[in-house]
Amino acid sequence: MDLARVYQPYMFFKGRFDNSNTYNLMEGMSEEEMKRFRLDVESVEWEDYITNTHIPGLKKHGIMGRGMPKQVQI
């Protein structure tokens, strides 16, 4: 897997990510809502997510049309 090529479109991204709205939302949730919507990032199986969701999503939506060949081998 050539990670430098995969993440090239993001290397000079100047955006900022802020999750304070997520935390504010969670603070207003009832116990039932917290159980239902489980926003606990510690419960994410990261290896599974990267392998089966993130990388395929990049291949389908993020890489194509950004100077990358149509058949990217990841």
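Helices (H or I, at least four residues) and strands (E, at least two) are DSSP runs, numbered from the N terminus. By that rule the protein chain has 4 helices and 0 strands, and along the sequence the pattern reads α-α-α-α. This is a predicted model, in which local features need pLDDT of at least 70 and side-chain atom pairs count only at pLDDT 80 or more, while totals for chains, interfaces and linings use all residues. Residues are numbered from 1 along each chain as its sequence is written, and side-chain values use heavy atoms, with hydrogens and water left out.

The predictor's confidence in each residue is given as pLDDT, from 0 to 100. The protein chain averages 77, and 81% of the residues score at least 70.

Of the 74 residues in the protein chain, 12% are buried (under 20% relative accessible area; exposed is over 50%, and partly exposed lies in between, with a 1.4 Å probe and protein chains only). The chain exposes about 6900 Å², with carbon and sulfur atoms supplying 52% of that area; accessible areas come from the Shrake-Rupley method with a 1.4 Å probe, and for residues only the protein chains shown count as cover. A contact means heavy atoms within 4.5 Å. Among contacts with a separation of 6 or more, 55% join residues 24 or more positions apart.

Helix α4 (residues 46-62) contains Ile50. Trp46 and Tyr49 also lie in helix α4, 3 residues apart, about one turn of the helix. Ile50 is partly exposed at 34%, as are Trp46 at 45% and Tyr49 at 33%.

The structure holds 1 aromatic pair. The ring centres of Trp46 and Tyr49 are 5.8 Å apart and their planes stand at 90 degrees, so the pair is edge-to-face. Rings of Phe, Tyr and Trp (its six-membered ring) pair if their centres lie within 6.5 Å; planes under 30 degrees apart count as stacked, over 60 as edge-to-face and the rest as tilted.

His54 is also found in helix α4. His54 counts as partly exposed, at 23% relative accessibility. Not counting residues up to four places away in sequence, His54 touches Tyr7 and Tyr49.
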